[in-house]
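The sequence and the structure are shown first, and the description follows.

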Amino acid sequence: MADLRMPDINHITIAGRLTRDPEVKYVTGGARLCNLGIVCSRKYKTKSGEQREETLFINAALWGEAGKWVSDKLSKGSPVYVEGSLTSDEWEDKNTGQKRTAIKIKAHRVQSMAWEDQKASPPTGQQEARSVEEPIPEDDIPF
């Protein structure tokens, strides 16, 4: 078993709603960063049959022109689909001096799941992989 090779895979897909309006800021070197808060819930039954709901709050970061589009078109409560990879931020707490860590999504693609948001044009060029896509018109669905 020592020679077993396992690929390193870091890919996440999540759908939920924005917990706040997207926040755009410019970092050293002029790069655009758009920070998002996403909430995702799932309902399930316990072994005893009791209904429960689990809610997850997670932060995401989107770089470049696509971040501008997201901040212009989406707001708190907007339903979104996000693809990306998990990253870890580390810092030292100013009050306690302790090291802190937070896991967040480095978004490669953010897609609005609201039909009215999908009518606008997505960003062009390189950022297209991280853009909102046009929905398939209902009359084009083959069933």
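## Nonpolar core

In the largest nonpolar core, which has 18 residues, the members that touch the most others are Leu36, Leu62, Val70, Val82, Ile105 and Val110. A nonpolar core is a set of buried Ala, Val, Leu, Ile, Met, Phe, Trp, Tyr and Cys residues joined through side-chain atoms within 4.5 Å. Two or more residues of this core come from each of strand 1 (12-18), strand 3 (32-45), strand 4 (51-63), helix 1 (65-73), strand 5 (79-92) and strand 6 (99-112). In soluble globular proteins, nonpolar side chains tend to be buried together.

## Basis of the description

The model is predicted: local features need pLDDT of at least 70 and side-chain atom pairs pLDDT 80 or more, while totals for chains, interfaces and linings use all residues. Residues are numbered from 1 along each chain as its sequence is written, and side-chain values use heavy atoms, without hydrogens and water.

## Overall architecture

The chain has one helix and six strands, arranged along the sequence as β-β-β-β-α-β-β. Helices (H or I, at least four residues) and strands (E, at least two) are DSSP runs, numbered from the N terminus.

Of the 143 residues, 30% count as buried, that is, under 20% relative accessible area with a 1.4 Å probe, protein chains only (exposed is over 50%, partly exposed in between).

## A residue of strand 6

Gln111 belongs to strand 6. Gln111 is buried, because its relative accessible area is 16%.
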